[in-house]
Amino acid sequence: MEWGEPTVLFKKKKQKVEEVLTVSRADRRLLSNVPDPERLRTQVDRRGQVSDTNEADPEYLDKIRMLSLRYMANFDVLIYLRKQQRKNALKGRAVDISSTGILVELGPASTDRIFVGKKVYLHCDIPPGTMPEGFESTVKMDGTVVRTFREEQDGQEKLMVAFEFAKPLTEYFQKKRWGYAIYTSSAMLLVAAMFIMLMRAESIIYFKYNILLYLYSLIAAAFLLTRYFFGALYRDIPINPDYTPGVSIIIPCFNEEEWIHRTILSCVNQNYPIDKLEVIVVDDRSTDKSVEQIERVIQMIHNEAERFMTKERVRMFVLPENGGKRVALVKGVEMAKHDLVVFVDSDSFLEPTAIRHLVQPFQDPKMGGVAGRTDVENKFTNSITKLQTVRYYIAFRIMKAAEAWFDSVTCLSGPLSCYRKDLVIKHSEAWLTQKFLGQPATFGDDRSMTNFILKTHRTSYQDTAICSTIVPSNMGVFLKQQMRWKRSWLRESLRASTFIWKKEPFMALFFYIGLIVPIAAPVIVLYNLGYVPLVQHVFPGTFLMGLFLMALLMSLAHLLYRKSRLWVFGMVFCVFYEFVLLWQMPVAWVTFWKSTWGTRETPQDIEARKKKEARKQKNKKGFGLPF
């Protein structure tokens, strides 16, 4: 997700899409994951296990947190008082759910049949979006009543019953569904990869008919398979409990009133030493109510217990004039007091252990920057967000992970990335004044800074440093975003090609092939799906089979790692890419120097809009039309 995504320029007011988000039940403690310096507080999971937040293993604490994390729910639950008797079931409504239990609203008539300690049999279907990806499934399991209480709603008294599952949902799904998903996807991935290699071996036979075409198909297949291979080999840098360097989180904001409060809270509420973490919000002269939202949430954080030092660690700054995302980030870096700076987009939300995982690669003194993994937050909103969910995951878990194998990640993505402060300061002037073919570089800031860092240092990726982001749920916004990304990819890839050859040889080969394949793809697709059937009267069956297998790789990899029913959208995305997104590439070839965003009122966008309006006025005059 890039700068200012939700601000859309439309002549007609579009109906706003209702985003479907997984909502965690609010904790009564605002900073529930922040280590307590005075040890006045302990973390207790739903089963009563107590752990001191300062002494326990961070990975253990995160596992306990994930098990006990509750999500808001609203779906039917059938409660059978005897497993053997499936008649006369009680029907309730889920209020919240976690991996270990569920809270259900029942009618008053159930009072004499439900009591603490009662064994029951639960049956429900967890809707998509209620819990994290992979949990959308049917649950049929024994449970025990652990608590009952009454609550008044709209003048009516409701009986609330908390049930504990016989086993955590993570264990239940591992046996019921996830295990099958892993075995099936693993086997099919192997078959698909072998079939692709067999087809490419066959291409050698046809070299004499069209050397360039079949050479391209061999190179493209080898490129993709090696990415999946090295992505599978990738492993995170494990947490070193003794390594907690100082970190300053910079949040640039422009017209993000809807999400900025959640972003700030997620950055402050980190399981990280309080004297080693600060959060700086820089507003780029927002024209909505972002500033008021920032002030409100910061004041709320400042009102927390003094022992958390929030007044010293959380602050904001409003730029004197709109300068763009890079200006906001550089101002935040100048204000930072720690040696590592983390850039977080204003519509991205960090997991509580994200920073602890993100900093681990910096134990290597040559490491200049590290990217975290970005998941889609609004994944279940509509088909557009579902497509992006699979694409995002593969782009990070496979593509970036493969580059991390060589310590040469080519894009430290905007939603969550960490840099050495001195390197950002060193390159800040060149970054702020960057131009390409005379035009200011107003987007692609993450790729641009990565190029500056990668020139002299290593860059990597931490899959366990997780954030989620709001992606476009409107097709028009999505297409403009993709167009902008292609332009910045072309521009920054040309920059990187001038020095990447100095890196590890295989990585350099990897990079140059990855540059050529997408650029040439429209020509190859046009030849196979246009020229071959229309001129040579040959059905492009082999080419279509190759596309199908490539799409299958993406979907199966998502199924293997995420165990989610969204895996089929990987195949849908590949079809959508071939027939829609691919044809943005030729446009990017001839317009990649443009600096307009299309989804935000930058000075370049305003200038372009005025020129367009002037041309329309001129055309009207030419045809003698009235104003």
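## Exercises on a predicted model

Glu 504 caps the N-terminal end of H13, with a side-chain oxygen 2.8 Å from the backbone nitrogen of Phe 506. This is a predicted model, in which local features need pLDDT of at least 70 and side-chain atom pairs count only at pLDDT 80 or more, while totals for chains, interfaces and linings use all residues. Residues are numbered from 1 along each chain as its sequence is written, and side-chain values use heavy atoms, leaving out hydrogens and water.

**Exercise 1.** Find where helix H13 has a kink.

*Solution.* Start with the range: H13 covers residues 505-535 (helices are DSSP runs of H or I, at least four residues; strands are runs of E, at least two; both are numbered from the N terminus). Next, go to Ala 521, where a kink of about 45° lies shortly before Pro 522. The bend is the angle between axes fitted to the seven residues ending at a residue and the seven starting there. Finally, step just past H13: His 537 takes a positive phi of about 55°.

**Exercise 2.** Classify the ring pair of Phe 343 and Trp 431.

*Solution.* First, the rule: rings of Phe, Tyr and Trp (its six-membered ring) pair if their centres lie within 6.5 Å, and planes under 30 degrees apart count as stacked, over 60 as edge-to-face and the rest as tilted. The structure holds 23 such aromatic pairs. Here the centres are 6.4 Å apart and the planes are at 5°, so Phe 343 and Trp 431 are stacked. Now place the residues: Phe 343 is in strand S13 (residues 340-344) and Trp 431 in helix H10 (residues 421-432), so the pair ties together parts 88 residues apart in sequence. Both Phe 343 and Trp 431 are buried (under 20% relative accessible area; exposed is over 50%, partly exposed in between, with a 1.4 Å probe and protein chains only).

**Exercise 3.** Describe strand S11 and its neighbours.

*Solution.* Begin with S11 itself (residues 277-283): 7 of its 7 residues are buried. In a regular strand the side chains alternate between the two faces of the sheet. Leu 277, Val 279, Val 281 and Asp 283 point one way, and Glu 278, Ile 280 and Val 282 the other. Then look at the partners. S10 (residues 247-253) pairs with S11 in the parallel sense over 7 bridges (pairing needs at least two DSSP bridges), and Val 247 has Leu 277 as its bridge partner. On S12 (residues 314-318), 5 bridges join a parallel run with S11, and Val 318 is the bridge partner of Asp 283.

Terms used
Polar contact = N/O pair within 3.5 Å; in protein donor to acceptor, adjacent residues only side chain to side chain.
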